[in-house]
Amino acid sequence: MPLRHTPPCHDQSRSRLESWLHLVLLVALSTYFEAQFVYVGVNATDEGWILYAAMRLWDGGTLYDDVFFVFPPGHVLPAWIAYGLDAPGLVLSRWIYAGFNVALCVALYLLGRRITRPLYAFIAVAMVAVYSPYSHGAHFLFGYRYLVWSILALLAFSQRLRTDDHRWMMLAGALAGTALCFRLTPAFSVSVGIGFGILAASRDWRLWLRDGVWYTAGLLLVVGPVLAWLFSGVGPLVVWSEAVQRAVEMTKLQAVDMPPLYFPWGWERQEIQGAFVAVAFRAAPLVYVGYIVFVLTTWVRDLKSGIDCRRPLLIAIVFFGAVYLGRGFGRADQGHLDTAMPPVLLLLGHMLGGIESRLLNAMSARAATAIVATAGVALLAVSVAAQRSDEWMFSPAPIRVPIKAVQGRIKRWIYNNRTDPAVTMIKRSTRATDTILDLSASPLFSVLSGRRGPGYADIVMPGTFRDATEENRFVERLRADPPAFVLEPKMPFDARSANALALTAPKLTAWIEDNYGRGPETPHFVGRPRRPQPLSAESALFAEAESKPGEDSRRNLVLIVVDTLRPDHLGYFGAKPPNLSPHIDELAARAVDYTNAYAAAPWTIPSMASLFTSQIPSEHGVTLFGSRLGGAARTIAEVLGAAGWQTAGFNANHLLDAESGLTRGFDTYAELTSVTRAHSEARLDSRAREARDGQEVVDAALGWLDEVQTRNQDRPFFLYVHLMEPHTPYRCPHDEPSCTAQMKSIDARLVAGSWNFDRRQRRLIRSLYAGEVRRADQAVGRLLEGLEESGIGRDTFVVLTADHGERLGEHGRYTHGTGLDRLVLRVPLLLAGPGLRNARVETPVSLVDVAPTMLELLGLDPSASFRGESLLSQGARSKRPIIAEFFDPAGSFHSWMGREKPVGDRADEPTDRLLILGDGEATLLRSDGSVAMLDDADSRRPPGEHGPSPDDLLVRLGDWAPIVVRGQQRNPATEPISPGRREKLEALGYLTREPATPLPLPEAAIDPSGAEDRP
């Protein structure tokens, strides 16, 4: 028995009050669930394209020319309006799209009343309102919202059927044309559906022609001006290429097979949803097949009876929905299935009405309605329960808090730096004038990171290349003007390996690998800064000439020293794994990177003295544990303090205390250590380690910055922060007991020089060192973030370096301070700040050069006692060698153990005393007067037949020779070690018992006048 035809809702027997109540409830329900989505999350992919296109259009770009955008222009219209009113328009555009969906629910209900009872139309549309936010989360824009134009076109067609006025077809065509401007497939699908409805409505071909002409006229009335605008802007070929050909290629790329059927044995949310999608993809076509058979059977019967078809509107709806569902099979995922559900649910309402009609033959109308309505409400309850799995959809915030407060709170959340880790990464790693290549298909990050307006020039890769020729053109464009930064997803599009960039764009992938490193990372993206080109000209270090420091410069300076940090353990330097130092990598992405920077000594006290005073150890004399900086040398803090800078130091290394003299010039100096244990085994005690934690040091520094901002905003500051994480003893993850026990034994052997570790112990040492680098990076990240959040980051220069490196088993050696080689002398050196560009300088430099560089950055003249040269003038840099010195009084680092030399060193091997780096080679002068050559792998070898002698080294030292000889020929002045300091030194295994022995250099090298001219 066929389904009984339900009277249309204009039947006066239907309650107008009931219909109005349904509309009010649907508007409230849809608005509520839309509001849940408006203020939650960021759909970077689907939402990003339209906002990025809107941004480019507002900045003078042309659709399909400046913006790779495969959708019709109406698709971007709401975002374009929102961007113009409230850039970047994220919240406002969401409200506009929410309005589309509320309107869709109203239109669906009005259309549903034409084919079934209002109650069942209400139940069906209520399920659309409840289910829509989940679809928005899976696929922000596709289908749901823009279906409103197609539904309105069907409503206009129904008016044509009711009034027999053909002019309604013109409105239907205009609405279909509007749908075409927003989305292609809904417009095509509704045109097919209305076409079948026209054929079914009459058997007179002249009426078909008249309706078709009116419909086409309405469609062209809307589409014609839009096409004329596009053709005049970019031409028909570009429109065809971008809106049709590229869309087809992207559809091929994104094709997803129908999910297999399975039973969700685990009853977890994802399993249940996956099983539902698999069933729905098979059930929805069956619904349409059944309805197509039903309407065609009815149509044929009416034709045989010689009457016009009684269900032309239902026929139009069925064929519209069936064609629209077919698009989802090109990509059978949940998002595309969801967008095709509104017509299916509308037919479900019609089906409920048909079931009621059948029941009327067996029971009363009230009983039939009660049974069917109960079933419909149960379906609605199931829809609500399914959505409850996504907690954000049922957040009571819009009810509990006034809407304006909610809007302000979420708007701040969306627009601040924490919207997404990728946004933060972009803002930290790039400048507004930099160009970004976005491979993520998520240009929303470019919008939210503030990269809009004059100066920005991002490049968003199209969804796919149509052919190899287009890919070649794209790569050539990048070669001509390489972007500064690449945003790359960690997983391929749709998480399928077949869509990996290496397969879909191999030439682009190869070019990126050749020209970009692996920098900061987020859970989903990798930032790839361009490998900077070597620079030598002074002007090349600055992005703009006016950014160079001048005499009136009053900017701030932050010096970050990470103790014992090897550069090869930093991501930007090529560390493996590459994610050890994401925050330092972000700094490096906007800094000048000196890839061959060397400390002046292999341990903390003399190295930091050289950094602060711009003098080598032979001159400043702070070479032993009891040494104290003399009054003739001025520190960088003293110079800046005298020039009006506020100065503060926050230090976790107990060796750099007031007794060393290196705290001079600091208005505030905090020694954040409390080492009071007398035995080395206590070095791993959690209390001893906790006192020098980098987070505590940063907390103190940030607290001081807050005070500076409050009290002395008109004075610039110099902030020195010294972190100790990579220094022994290393911490075990989560203080794991067995690991900690192993490290106590290993640490004692490291200090004693008993370095015959097995493979497992060697791996543990390297692993824990890497973990300490990661902890130090987190502390650096907090400090840099604090500078940015306080608003002073843009006026602050940041210098990051280390006091020395570390041996981690190379050539069987560990620790530092027992000799001279590149592993213990090479340090990272980054300079970042206003005007400085991302560049790589390969010229060897010394930490002696850092202090005069910092003064020039701030527009100040170097101190007369400074011996180094500013690194900003590398183009005019002299050919001076890099000097490193080691004053080792018969193994003083280990004499507390009763040993004269570390066990790891050969007893008959002389001590390294002087290293000269220059002219592509490294020369060592040893305590017995012998000379050795140091190759790139830090292997020592005797000089060849014509190698240098000690006398030849004087020539190589050049202007440094008088200073080196004078310093080496005398015992550095020392002061008695106080009991408190002796306790600290004993706790960490450092104690000097013997004076330094003179270095065997010719006495004639000493300047007889005693003058110490600046070299």
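Predicted model: local features only at pLDDT ≥ 70, side-chain atom pairs only at ≥ 80, totals over all residues.
Which residues of H7 are buried? Start the tour there.

Residues are numbered from 1 along each chain as its sequence is written, and side-chain values use heavy atoms, with hydrogens and water left out.

**Stop 1: H7.** Select residues 167-182, helix H7. Helices are DSSP runs of H or I with at least four residues, strands are E runs of at least two, and both are numbered from the N terminus. The buried residues are Met169, Ala172, Gly173, Ala174, Leu175, Ala176, Gly177, Thr178, Ala179, Cys181 and Phe182. Buried means under 20% relative accessible area, with a 1.4 Å probe and protein chains only. Now show the cover: it includes H3 (77-86), H4 (90-112), H6 (147-163), H8 (184-201) and H9 (205-234). The 16 residues of H7 should span 22 Å at 1.5 Å a residue, and the end C-alpha atoms are 23 Å apart, which agrees. The expected span is 1.5 Å times one less than the number of residues.

**Stop 2: H3 on H4.** Keep these two helices. Their axes come within 8 Å and cross at roughly 140°. Axes are lines fitted to C-alpha atoms, for helices over the stretch in contact; angles run from 0 to 180 degrees between N-to-C directions. Pro78, Ala79, Ile81, Ala82, Leu85 and Asp86 of H3 meet Leu92, Ser93, Ile96, Tyr97 and Phe100 of H4. Contact means heavy atoms within 4.5 Å. By class, this contact has nine nonpolar, one polar and one charged residues. Ala, Val, Leu, Ile, Met, Phe, Trp, Tyr, Cys and Pro count as nonpolar, Asp, Glu, Lys and Arg as charged, and the others, Gly among them, as polar.

**Stop 3: H12 on H14.** Select 312-327 and 341-359; these helices pack at about 145°, axes 9 Å apart. From H12, Leu314, Ile317, Val318, Phe320 and Gly321 meet Pro343, Leu346, Leu347 and His350 of H14. The contact residues divide into seven nonpolar, two polar and no charged.

**Stop 4: the sheet.** Eight strands form an open, mixed sheet, ordered E9-E8-E10-E5-E11-E15-E6-E16. E9 (668-671) and E16 (839-841) stand at the edges with a single partner strand each, so one side of each has no neighbour in the sheet. Inspect E5 (556-562) and E10 (717-723), which pair in the parallel sense over six bridges. Strands pair if DSSP finds at least two bridges between them. Valine 561 stands opposite histidine 722 in E10. Finish on H30 (759-789), which packs on the sheet, touching E5, E10 and E11 (796-801).

Terms used: Buried < 20%, exposed > 50% of the residue type's maximum accessible area, 1.4 Å probe, protein only.
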